[in-house]
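Work through the exercises below with the coordinates open, and try each task before reading its solution.

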Amino acid sequence: MRNPLSPVSLLESASESSYVRSLIVGTVGVLAALGVLGLAFPESVFGDLAGIVFSTSTGASTARLAAPIVFAGLGGIFAEKSGVINIGLEGLLIISAFVSVYAASVVGVGNAVLGVPALGIAFLAGIAASTFLAAVFAVVCIEFKADQIIAGLAVWLIALGLAPFMSTVFFGGVNTPNLGVSVGWKYSATMVVLATLGSWWLLNRTAFGKHLRAAGENPKALDTVGVSVSKVRYAGVLLSGVLSGVGGSALALSIGQFVGSGETMVQGKGFIAIVAYLFGNYNPLGTLGAGVLFAGLDAMQIRLQQLGYAIPDTLVQTIPYVVVIVVLALVGRTQIPEAAGEHYETEE
């Protein structure tokens with residue numbers, strides 16, 4: 001395992017700090033410039049943009065849309081840091097979104113089970129469904145050494161078909177009825193911040209975090225000191241399931257309904273989550289910033305269309321992918337774990 005006080009580790013830490021600092025300065029600079037231009041030209045597109053960006057409604061929408069991206073992104077970090085590439089985050093969000101709404105409808109809004117209210121049960125059910133699917137993915141990839149990319153795509157496609165099908169079976173259509181109650185954006189924002197700080201602490205201040213990073217960087221060294229690489233990787237993938245389950249449940253319960261038409265209500269947020277943690281260079285804090293940025297862009301395009309700007313949502317959805325390519329090319333590069341995607345045979 002690499003010594004965190006070695007010259008190489010210190011250099012990487014300094015590089016990461018410089019990268020994050022550049023992103024922060026760039027973001028603040030863009031917002032400041034937009035604010036100045038909005039004040040100087042209130043009747044122009046800059047004025048409209050400033051009014052949207054700094055409005056309370058955009059902030060609320062951003063918090064709601066950022067939850068699934070950030071939670072799935074944090075989950076992706078744990079999986080990939082352990083050496084398992086989980087591109088099935090989209091599927092985990094979809095299945096948890098449906099199961100959470102289904103569980104809430106079964107319990108009945110306003111009712112409780114063992115003192116736990118319906119929305120609490122809904123979150124637990126969504127997390128359980130996502131974690132179960134992640135566990136199946138982990139067994140297939142770690143135990144049976146299947147191709148991780150193909151297995152991740154299979155998770156997505158299974159959830160994409162299964163959730164609308166189950167909605168049709170239980171509710172008579174791919175879209176479930178509205179529960180009549182929803183989780184406010186303030187709760188989603190609070191959970192996102194706590195999960196981000198908790199993830200950062202777990203990765204950087206605990207023995208488990210060191211083992212996780214070693215499993216993705218140098219699994220042989222981890223195996224040599226007597227720590228099971230497979231167990232660490234299982235833990236990383238299961239954590240991706242837990243966090244994605246929270247994100248999918250938060251998304252569905254924020255509107256009180258599951259929408260299964262087309263790409264479902266998740267609409268590619270799992271794939272954007274992958275972009276978010278790459279953008280943030282596997283740093284939970286950077287992932288939070290990227291998730292908020294991409295969610296803010298999505299919220300902005302909705303408001304711009306309401307103001308008469310005919311901006312296709314499909315065009316806006318490409319922005320995260322374009323932005324991450326430009327930023328990584330100009331500001332820094334993502335340091336992918338060296339053993340990510342590689343199977344490991346223990347040397348017992």
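The model is predicted.

**Exercise 1.** Determine which residues Ser254 touches, not counting residues up to four places away in sequence, and decide whether Ser254 is buried or exposed.

*Solution.* Begin by placing the residue: Ser254 belongs to helix α10, which covers residues 229–255. Next, list the contacts under the stated exclusion, which gives Arg64, Ser182 and Val183. Then follow the side chain of Ser254, which reaches the backbone oxygen of Leu251 at 2.6 Å. Finally, take the relative accessible area of Ser254, which is 10%; because buried means under 20%, Ser254 counts as buried.

**Exercise 2.** Find the partner with which Glu345 forms a salt bridge, and work out which parts of the chain the pair ties together.

*Solution.* The structure holds one salt bridge, and in the pair formed by Glu345 and Lys145 the closest N and O atoms are 3.5 Å apart. Glu345 lies in the segment after α13 (313–330), while Lys145 sits in the loop between α5 (118–143) and α6 (148–171), so the pair ties together parts that are 200 residues apart in sequence. As for accessibility, Glu345 is exposed, with a relative accessible area of 54%, whereas Lys145, at 31%, counts as partly exposed.

Technical notes: Residues numbered from 1 in each chain as written. Predicted model: local features only at pLDDT ≥ 70, side-chain atom pairs only at ≥ 80, totals over all residues. Heavy atoms only, no water. Helix = DSSP H or I, 4+ residues; strand = E, 2+ residues; numbered from the N terminus. Buried < 20%, exposed > 50% of the residue type's maximum accessible area, 1.4 Å probe, protein only. Polar contact = N/O pair within 3.5 Å; in protein donor to acceptor, adjacent residues only side chain to side chain. Contact = heavy atoms within 4.5 Å. Salt bridge = Lys/Arg side-chain N within 4 Å of Asp/Glu carboxyl O.
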